[in-house]
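Please read these points with the model open beside them.

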Amino acid sequence: MLTPEEQREIEQEAASYPERRAASIDALRIVQRRRGWVSDEALADVAELLGMSPAELESVATFYNLIFRKPVGRHVILICDSVSCWIMGYTKVRDHLKARLGINFGETTSDGRFTLLPIVCLGACDRAPVMMVDEDTHLDLTPARIDAILERYE
Amino acid sequence: MEKPLTARIRPDGEAVDLKAYERAGGYQALRKALLEKSPKELIEEVKDSNLRGRGGAGFPTGLKWSLVPTGDGTPQPRYVAVNADEMEPGTFKDRLLLEGDPHSVIEGAAIAVRAIEGSAAYIFLRGEYVLAAQRLRRAIGEAYAAGYLGKNVLGSGCDIEVHLHISAGRYMCGEETGLLNALEGKRANPRTKPPFPVASGLWGKPTVINNVETLANVPHIINNGAEWFKSLSRSKDGGTKLYGASGKVKRPGLWELPMGTTAREILEEHAGGMRDGLKLRGFLPGGASTDFLTAEHLDVKMDFTEVQKFGSRMGTGTIIVLDDATCPVGMTLNLEHFFAQESCGWCTPCWSGLSWAERILQAIEDGRGEDRDLDDLEAITKFVAPGNTFCALAPGAAEPLQSALKYFRGDFERHIREKRCPWPS
């Protein structure tokens, strides 16, 4: 069941478009912001609210990489693997991050604290390498800086 | 030297709010556009200014607007879509405007709506630009409260709505017809052209899609005129340009400079040259989907026609530098991995060709390359050439690949011969 707040927020987005289904991506984001990810049940509820079939909405949900169809950790790390970051030392930073967390891309630490994912260029190439943790962008990464950054996320 | 796009940007990184924007002449152009000029006059002014689209393709903005059918019996409503999906690797220019001066984008979008006699603009923002989203949301609220958006704007009788759509990822959303599908809540697959979006775009209605930097120029053109705008430039294309540099230069960054500034001036004066001990091996002039150029091309004027004379494109104008201690094969592999991953899967040359290219490049980089691999890579660049695919993603992917094979061929051959990457990892 979608909460009343979720429904209200989705309706608000739907009012910006001439067709309700146009709000499908906004709606998935709204649900995910509160729950961390989009479960099958939540997906079916959103589809019903917007007058779509669950299969139709699933085709949308699985297209967009920032919609998570599996549970994620309390914090999601998105590390840029595009060209400028690669030139500026992405590989070392990535290897350090994986070793430090003891996980690979697409995995979550056993304490449920972090999920690690690669991401395309984050548009901060003059400060590469770059990553995001949740909604925060972290610039000029080095292995040492990464250790300090991770401490901030419980 | 005038820097209209960045003159208001605050050094402390905070956004220019409505009051500061108005004090600097903000929304005067919208007033003029609504109360003093006809939509046709707006289009003519922008046409005369030689403003070309800053998303990378360089299509003349005024011409694009003029292609929207208006008048009795033509389809309504008409829309503007603002492409704020900045996701071209190596590109970080629109972020500055969205975060630093969001009203300039909103005012430009509102004027574009008026010029095509439209009703609404949708700002399509990539999901990772969290700060830009907060600031745009605040700025849109301020603009509505001050009567610059909404019903009967400034007593003109015109209604102008601006909506913010926050995307959920995928490079394909920046392709203009993919963006339309994404705004309609669908997968961001491209659409066949024709019909072009100006005839049939969002929900089948005429739609103009403009880049952020393009629209941020529009209020200045309306305020100061086409001749002034052309005078800012050192080339035939009007205005200034946000140029950038990333990679191992001394001072990576972003600078507003006259259109037509040379790559040499950008890299040597503004970016401070290469880091000590390194030499420039090559550069991508404007994002991942532009052909490599080399040191012998540094004097090229960065604009939409001059760079093409050397077989590349200005693209987004943000230069990515390859230094002589970085493996060109590894860099090409990184680029093709990106394109293969971001292919939407809609057409076969793209999804099949690009993942094939990535596999071959990975093999070469890992020391498993064979002599025939280079011929296969060449062939793939032809398979995905313009005309063979639905959209520009795969032809864009071919640009750095074909030029890497041309300029760095010896490096590819050495990987194959020595069965390893000769660069330290």
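1. Domains 2 and 3 of chain B. In this predicted model, the C-alpha centres of domain 2 of chain B and domain 3 of chain B are 23 Å apart. Domain 2 contributes 15 residues to the contact and domain 3 of chain B contributes 14; contact means heavy atoms within 4.5 Å. The assignment for chain B places domain 1 at 18-231, domain 2 at 240-323 and domain 3 at 328-418. Those bounds come from an automatic or database domain assignment.

2. Ground rules. Residues are numbered from 1 along each chain as its sequence is written, and chains are lettered from A and ligands numbered from 1 in the order in which they are written. Because this is a predicted model, local features need pLDDT of at least 70 and side-chain atom pairs count only at pLDDT 80 or more, while totals for chains, interfaces and linings use all residues; side-chain values use heavy atoms, with hydrogens and water left out.

3. Area between the two domains. Domain 2 of chain B and domain 3 of chain B bury about 1200 Å² between them, and carbon and sulfur atoms give 65% of that area. Buried area is the accessible area (1.4 Å probe) that two parts lose on being put together, summed over both. Which three residues supply more than any other three on the domain 2 side of chain B? They are R281(B), D291(B) and F292(B), with 47% of the area that domain 2 buries against domain 3 of chain B.

4. The rule finds 2 salt bridges between domain 2 of chain B and domain 3 of chain B. A salt bridge is a side-chain nitrogen of Lys or Arg within 4 Å of a carboxyl oxygen of Asp or Glu. R281(B) also pairs with D411(B) in a salt bridge, with the closest N and O atoms 2.8 Å apart. Between these two domains of chain B, 5 residue pairs are in polar contact, both residues at pLDDT 80 or more. A polar contact is a pair of N or O atoms within 3.5 Å; within protein, one must be able to donate a hydrogen and the other to accept it, and residues adjacent in sequence count only if both atoms are side-chain atoms.

5. What lines the domain 2 side. β7 (280-284) and β8 (318-323) of chain B are the elements that give two or more residues to the side touching domain 3 of chain B. β7(B) gives the most, with 3 residues. Helices (H or I, at least four residues) and strands (E, at least two) are DSSP runs, numbered from the N terminus. By class, this side of domain 2 of chain B has 7 nonpolar, 5 polar and 3 charged residues. Ala, Val, Leu, Ile, Met, Phe, Trp, Tyr, Cys and Pro count as nonpolar, Asp, Glu, Lys and Arg as charged, and the others, Gly among them, as polar.

6. Salt bridges overall. D140(A) and R127(A) form one of 2.6 Å, N to O. D140(A) sits in the loop between β4 (136-138) and α7 (143-151) of chain A, and R127(A) in the loop between β2 (114-119) and β3 (131-133) of chain A, so the pair ties together parts 13 residues apart in sequence. D140(A) counts as partly exposed at 30% relative accessibility, and R127(A) does at 37%. Buried means under 20% relative accessible area, exposed over 50%, partly exposed in between (1.4 Å probe, protein chains only).

7. Charge pairs in chain B. D101(B) and R8(B) meet in a salt bridge of 2.9 Å, N to O. D101(B) lies in the loop between α5 (94-100) and α6 (102-115) of chain B and R8(B) in the segment before α1 (18-23) of chain B, so the pair links parts 93 residues apart in sequence. Both D101(B) and R8(B) are buried. R54(B), K93(B), D94(B), E213(B) and K241(B) are linked in a network of salt bridges.

8. Chain A against chain B. The contact involves 36 residues of chain A and 54 of chain B. The two chains bury about 3700 Å², 60% of it from carbon and sulfur atoms. The count between chain A and chain B is 0 salt bridges, but 19 residue pairs are in polar contact.

9. Chain A has 7 helices and 4 strands. Buried residues make up 52% of its 154 residues.
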